[in-house]
Amino acid sequence: METTASPSRPTFDGRAFIDGQRVGAREGQLFDCISPVDGSLLTQVARCGPADVDAAVAAARVAFDDRRWRGMPPAKRKRILIRFADLLVEHGDELALTETLDMGKPVKYARAVDVNSAANCLRWFGEAIDKVYDEIAPTADTALALITREPIGVVGVIVPWNYPMIMAAWKIAPALAAGNSVILKPSEKSPLTALRMAELALDAGIPPGVLNVLPGFGPEAGSPLAVHMDVDCIAFTGSTRVGKQIHVMAGQSNLKRAWTELGGKSPNIVFADCPNLNRAVEAAVSGIFFNQGQSCNAPSRLFVEASIKDKFLEAALKLVPAYAPANPLDPGTVMGALVDSVQMNTVLRYIKSGRAEGARLLAGGEQVLAETGGFYVQPTIFDGVQEEMTIAREEIFGPVLSILSFTDTADVVRQANASIYGLQAGVWTSDLNKAHGVARALRAGTVHVNQYDEDDITVPFGGYKQSGIGRDKSLHAIDKYTETKTTWIRIDSPV
Ligand code: NAD
């Protein structure tokens with residue numbers, strides 16, 4: 001495995017992006033951006049703080065108030081957003097390489113999934129925005145009541161590091177399409193593609209001040225955004241712990257609208273009458289190991305009916321070697337590096353706790369490729385997991401699958417729902433009644449039946465319970481970034 005910076009490694013500009021310009025942090029502070037691929041320093045990045053937040057909010061406010069973006073006809077905003085999407089694709093190789101170096105995912109997925117999904121999201125909301133009509137209410141004929149949508153104003157967006165471009169696009173695409181000004185704070189663990197996206201947005205024709213990007217740490221740059229009195233909406237994706245603070249900050253400041261997409265511990269239930277066991281095995285394994293297990297909707301709790309468990313495990317274990325971690329820059333790699341040493345050590349601690357609490361380690365469990373300087377953990381499977389174990393309850397956010405077995409349908413539904421989270425769930429059965437009945441009983445924002453990998457920009461994404469409030473994707477997302485206004489007009493009819 002190549003471990004050092006290659007001569008072809010690009011250079012990065014880590015400065016913030018405010019009012020259409022690259023600028024350093026006002027206090028002049030910087031932080032190191034380390035590659036999880038090999039632990040090398042990629043660049044130094046502006047460590048934004050409250051003064052930078054003030055500057056970005058002021059620029060965003062001016063851009064909103066002078067209507068340079070929201071005043072454009074929707075058809076024009078559409079063309080610009082589609083151009084923005086096209087530019088992401090045109091710069092796809094560069095963006096994919098940046099994403100891989102910055103957060104460790106295999107470059108083939110960064111290119112095929114992250115770049116393309118982010119571009120598709122921008123294009124889809126761009127295309128949608130000149131097809132969304134307002135309403136006239138069915139009132140008495142002495143009046144006309146118009147129900148119109150208006151952009152909210154200045155929208156703060158805070159995102160995590162697991163899919164940096166996609167998580168940003170899910171929020172900035174509907175917010176921009178609706179005519180808002182946006183301030184995006186990427187994760188301090190993966191700030192580089194967001195900064196590049198802002199440049200491409202400007203190139204596409206999004207006016208200065210409409211999309212600003214502030215790299216930095218949560219308490220220093222995220223929190224000032226969430227408490228800012230001139231930010232009208234905060235859209236957050238990240239952990240449930242911080243998501244709760246976001247709602248508090250919104251409530252204690254100006255009651256800005258707050259939307260949160262948070263953690264998950266998704267159950268995946270395979271009944272003995274599963275119509276295609278191989279497909280169930282593949283979906284269970286790829287679902288937990290894709291993106292090194294750092295997916296909020298990963299099916300991390302696998303419930304297998306006891307009568308098919310041995311067969312299931314045998315098939316699952318055969319797939320594990322294909323996920324051996326390797327250099328994410330190699331186009332053949334399917335499992336790359338975890339985002340940093342902190343995340344790697346968190347995952348290793350969970351593996352230790354699984355062993356200590358009596359789960360049976362069937363595969364993996366170790367850090368590997370330490371000699372590279374990067375942060376790699378083997379794909380790991382535990383059998384014999386009990387619902388009260390830590391690894392069955394807490395979100396690990398790493399390549400660790402917990403397998404539980406069951407014999408009783410009502411009890412497995414109870415166990416599946418016995419979580420603070422409710423993001424997604426899976427059900428595998430040939431019985432139509434069981435499929436519908438269990439899908440209805442599961443408290444999750446999305447239920448997959450006889451598959452776990454369908455995904456489309458047309459469907460809402462978000463969770464029940466402590467997996468968050470609100471939905472990304474689909475036309476429903478536009479509701480988050482618009483106010484609804486009623487305008488009554490008196491009609492004294494002359495006839
Ligand atoms: P995190 O909560 O630690 O950080 C998320 C973002 O919040 C980062 O930009 C961080 O800098 C910022 N932040 C941290 N503290 C803050 C504070 N006090 N005030 C304001 N901002 C603050 O989460 P993470 O580790 O980056 O991401 C992993 C989590 O994200 C997991 O729980 C995962 O399930 C969740 N996630 C959810 C979805 C979804 O759609 N539901 C999607 C992806 C990730």
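Modeller: The model is predicted; the protein chain has a mean pLDDT of 97, and 98% of its residues reach 70 or more. Residues 1–5 have a pLDDT below 50, and beyond near neighbours in sequence this stretch has eleven contacts in the model.

The part I take is asparagine 268, which sits in strand 12, residues 267–270. Asparagine 268 counts as buried because its relative accessibility is 0%, and the limit for buried is under 20%. Asn268 and Val270 point one way from strand 12, while Pro267 and Ile269 point the other way, and all are buried. Strand 12 runs parallel to strand 13 (residues 301–305), and four bridges join the two. Within this pairing, asparagine 268 stands opposite leucine 302 of strand 13. The side chain of asparagine 268 also makes a polar contact, at 2.9 Å, with the side chain of tryptophan 428. Leaving aside residues up to four places away in sequence, asparagine 268 touches Ala284, Pro299, Arg301, Leu302, Phe303, Gly426, Val427, Trp428 and Tyr452.

Leucine 338 lies in the loop between helix 10 (309–319) and helix 11 (341–356). With a relative accessibility of 1%, leucine 338 counts as buried. Not counting residues up to four places away in sequence, its contacts include Pro36, Met103, Gln292 and Gln294, as well as Gln343, Met344 and Val347. Phe375, Val377 and Pro399 are also touched by leucine 338. The C-alpha atom of leucine 338 is 8.3 Å from that of glycine 374, and the two residues are 36 residues apart along the chain.

Next, the ligand. It is surrounded by 30 residues, of which the closest are Val159, Glu188, Ser239, Leu262 and Glu395. A polar side-chain atom of glutamate 188 is 2.6 Å from an oxygen atom of the ligand. For serine 239, a polar side-chain atom likewise lies 2.6 Å from a ligand oxygen atom. Glycine 238 contributes a polar backbone atom, with an oxygen atom of the ligand 3.3 Å away. On its own the ligand has 850 Å² of accessible area, and the protein covers 91% of this.

Elsewhere, an open sheet of three strands has the order 5-6-24, with antiparallel pairing. Strand 5 (135–136) and strand 24 (482–490) are at the edges with a single partner strand each, so one side of each has no neighbour in the sheet. Two bridges pair strand 5 with strand 6 (residues 143–151) in the antiparallel sense. Isoleucine 136 stands opposite leucine 146 in strand 6.

Two backbone angles remain. Most residues other than glycine have a negative phi. Leucine 369, although not a glycine, has a positive phi of about 55 degrees; it lies in the loop between strand 15 (367–368) and strand 16 (376–377). Lysine 465, also not a glycine, has a positive phi of about 50 degrees, but this residue lies in strand 22, residues 464–465. At 29% relative accessibility, lysine 465 counts as partly exposed.

Key:
Residues numbered from 1 in each chain as written. Predicted model: local features only at pLDDT ≥ 70, side-chain atom pairs only at ≥ 80, totals over all residues. Heavy atoms only, no water. pLDDT = per-residue confidence, 0-100. Contact = heavy atoms within 4.5 Å. Pairing = 2+ DSSP bridges. Near = heavy atom within 4 Å. Polar contact = N/O pair within 3.5 Å; in protein donor to acceptor, adjacent residues only side chain to side chain. Areas by Shrake-Rupley, 256 points an atom, 1.4 Å probe, with all protein chains shown as cover. Buried < 20%, exposed > 50% of the residue type's maximum accessible area, 1.4 Å probe, protein only.
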